[in-house]
Amino acid sequence: MHLYRYDIHTHTSEVSKCAAISPEELVRFYKNMGFAGICITDHFFNGNTTVPGDLPWNVRVELFCRGFEKARAEGEKMDFDVFFGWEYSYRGTDFLTFGLDKEWLLNHPDLLSLNVNDYCDLVHSEGGFIVQAHPFREADYISMIRLLPRKVDAVEIINGGNNDFENRCADKYADMYNLIKVAGSDTHSDKVKKLAGIQLNRRLEDINDMISAIKNGETRTFSITL
């Protein structure tokens with residue numbers, strides 16, 4: 001049986017300041033690795049972004065979406081799926097957000113004034129899907145580990161940038177709260193040592209189809225050591 005693999009956590013140098021791979025290079029890399037598609041989840045305005053904070057909201061949103069739009073255009077050339085999302089941050093605690101689009105961002109210029117709980121409630125009220133990314137990561141920029149099991153839909157139990165212990169903790173966390181399990185590479189360059197994501201036995205139609213497949217239990221997590 002042919003499996004279709006998707007990485008739902010990737011970054012582009014166009015928008016994520018810590019990334020070292022262009023949107024076009026990112027798509028070609030994953031296409032060459034045999035993936036069916038990726039989600040572009042660049043760091044949002046409260047994360048490590050290249051988007052200046054002193055611009056009008058609509059200009060910032062346009063700049064933010066350029067990474068995805070360039071990747072999608074490249075994907076269309078080679079029959080490769082590219083879906084939109086973003087990585088929202090709260091003091092080093094990160095949440096992948098899916099199911100909402102550029103228009104939604106443009107219509108919510110007060111987004112950064114919300115606390116993290118209200119952000120999650122707003123996203124859910126308007127049809128979005130939230131994954132807590134690398135919940136047990138320990139790093140200098142993370143002051144404490146925060147868990148919001150009642151505010152997220154799924155947990156990233158495998159993150160390509162985490163060590164095995166951190167990923168095992170995330171897996172147990174998902175079990176304890178009966179949360180959906182997903183995985184992602186957290187790719188910032190083509191020099192990654194591990195790739196991770198979700199796989200299923202059919203090609204996805206769009207981001208909403210991906211969310212439905214995850215919710216319905218169609219997807220399984222996987223990881224590849226390079």
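Student: What are the mean positions of the positive and negative charges of the protein chain, in terms of how far apart they lie?

Tutor: The mean positions of the 25 positive and the 34 negative charges of the protein chain are 4 Å apart, where Lys and Arg count as positive and Asp and Glu as negative, with His and the chain ends not counted, and where each charge is placed at NZ of Lys, CZ of Arg, CG of Asp or CD of Glu. This is a predicted model, in which local features need pLDDT of at least 70 and side-chain atom pairs count only at pLDDT 80 or more, while totals for chains, interfaces and linings use all residues. Residues are numbered from 1 along each chain as its sequence is written, and side-chain values use heavy atoms, with hydrogens and water left out.

Student: Why is Thr12 called buried?

Tutor: A residue is buried under 20% relative accessible area, exposed over 50% and partly exposed in between (1.4 Å probe, protein chains only). Thr12 has 0% relative accessibility and therefore counts as buried. Thr12 sits in the loop between strand S1 (4-10) and helix H1 (23-32), helices being DSSP runs of H or I with at least four residues and strands runs of E with at least two, numbered from the N terminus. Setting aside residues up to four places away in sequence, Thr12 touches several residues, among them Ile40, Asp42 and Gly67, a contact being heavy atoms within 4.5 Å.

Student: What makes Phe222 buried?

Tutor: Its relative accessible area is 7%, so Phe222 in turn counts as buried. Phe222 belongs to strand S9 (residues 220-225), and its contacts beyond four places in sequence include Arg5, Tyr6, Ile158 and Ala183.

Student: How do you know that strand S6 pairs with S7?

Tutor: Two strands pair if DSSP finds at least two bridges between them, and S6 and strand S7 (residues 180-184) have five, in the parallel sense. Val155 stands opposite Lys181 in S7. Strand S5 (residues 129-133) and S6 pair in the parallel sense over two bridges, and Ala154 in S6 is the bridge partner of Val131.

Student: What makes strand S6 mostly covered?

Tutor: In S6 (residues 154-159), six of the six residues are buried.
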